[in-house]
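Me: I am new to this structure. Please show it to me, and then I will ask about its parts.

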Amino acid sequence: MKSLLPRIFNTVAPLGVPLAWRQLTRDRKRFATAIVGVTFGVVLMLYQVGLYTAANRMVVFPHHALKGEIVITSRNYEYFYSNRPFSRRVLYRVQAFPEVASVAPLGVDFLKWKNTVTGVDKMIGILSINPSENPFILPDVTSQAGLLTNGENVLFDSQSAKADFGNIGEAFRNQGEVISEIEHSRVRVKGLFSMGQSLAVTGHVIVSDEGMGRIHPNRSANMINLGMVSL
């Protein structure tokens, strides 16, 4: 054992203890303070990188859930949830081009969802679609879009904040249906999908164009916020 330690030391430091190490360890308090300072800086940097990455991921959750190579928006587009409506006729004119395989309209709005536990209203992101022209690539939406032909039926994002909207996911799995209200109009949660919260809103629900007209009669049925174009 005694002969092994010198050999290990000679392998690691064949020229002896480096001068730089002797300088660092001469004042141990200063050395410890330097280590703490560098560690704090590295941790802070990693925290900022993690926060930046998480924020960027949250921003693009809705974008990644949509299909198509081209997105049509109004000229007043600011971000996904702030986009002045435009006529869906614009989208259907694009369908005449031979390069276009299909188009799908999407409405985006903020409306009040009644928390199924507390009864308190909370703003939720409403995504309205034509069930026969589904703009989403999410498998759960694609397989359940037919349920939205009934104007009362909605699909609820299972990753929405439970504290804001109630534990809809668990209630749906236990009961097979959850009844709530959007803008004081009754809705039935008939299915779940998974997309995720964004920086602008903590929950999402998908309704049909017919359902949106029933919930929000002041919104013109001819107006949409996004047009997804598949080539």
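Questions and answers on strands, a helix, a loop and a surface patch follow.

Reply: This is a predicted model, in which local features need pLDDT of at least 70 and side-chain atom pairs count only at pLDDT 80 or more, while totals for chains, interfaces and linings use all residues. Residues are numbered from 1 along each chain as its sequence is written, and side-chain values use heavy atoms, with hydrogens and water left out.

Me: How many residues of strand β8 are buried?
Reply: Helices (H or I, at least four residues) and strands (E, at least two) are DSSP runs, numbered from the N terminus. Buried means under 20% relative accessible area, exposed over 50%, and partly exposed in between, with a 1.4 Å probe and protein chains only. In β8, His204, Ile206 and Ser208 point one way and Val205 and Val207 the other way, and all are buried. Strand β8 (residues 204–208) is therefore largely enclosed by the rest of the structure, its buried residues being five of the five.

Me: Which residue in β8 is the bridge partner of Phe156?
Reply: Two strands pair if DSSP finds at least two bridges between them. Strand β4 (residues 121–129) runs parallel to β8 and is joined to it by five bridges, with Gly125 opposite His204. Strand β5 (residues 153–157) runs antiparallel to β8, with two bridges. Within β8, Phe156 has as its bridge partner Val205.

Me: Within what arc do the buried residues of helix α7 fall?
Reply: Helix α7 (residues 168–175) has Ile168, Gly169, Ala171 and Phe172 as its buried residues. They line one face of the helix, because, seen down its axis, they fall within an arc (taken from the directions from the helix axis to the C-beta atoms) of 165°.

Me: Which residues are exposed on the other side of α7?
Reply: The buried residues of α7 are covered by elements including β3 (102–114), β5, α6 (162–165), β6 (178–182) and β7 (185–193), where contact means heavy atoms within 4.5 Å. On the other side of α7, the exposed residues are Arg173 and Asn174.

Me: Which residue in β10 does Val103 stand opposite?
Reply: Five of the five residues of strand β10 (residues 226–230) are buried, so the strand is largely enclosed by the rest of the structure. Strand β1 (residues 70–72) runs antiparallel to β10 over three bridges, and β3 also pairs with β10 in the antiparallel sense, over five bridges. Ile70 stands opposite Val229, and the residue opposite Val103 is likewise Val229.

Me: What is the relative accessibility of His184?
Reply: Most residues other than glycine have a negative phi. In the loop between β6 and β7, His184 has a positive phi of about 65° although it is not a glycine. Glu183, in that loop too, has a positive phi of about 55° and is partly exposed at 28%. His184 counts as exposed, with a relative accessibility of 62%.

Me: What is the accessible area of the nonpolar patch that includes Val49?
Reply: Val49 is found in helix α3 (residues 28–64) and is partly exposed, with a relative accessible area of 47%. Accessible areas come from the Shrake-Rupley method with a 1.4 Å probe, and for residues only the protein chains shown count as cover. Together Val38, Val42, Met45, Leu46 and Val49 have an accessible area of about 460 Å².

Definitions and conventions:
Patches are made of residues with over 30% relative accessible area and no salt bridge: like charges are joined within 9 Å, nonpolar side chains (Val, Leu, Ile, Met, Phe, Trp, Tyr) within 5 Å. A salt bridge is a side-chain nitrogen of Lys or Arg within 4 Å of a carboxyl oxygen of Asp or Glu.
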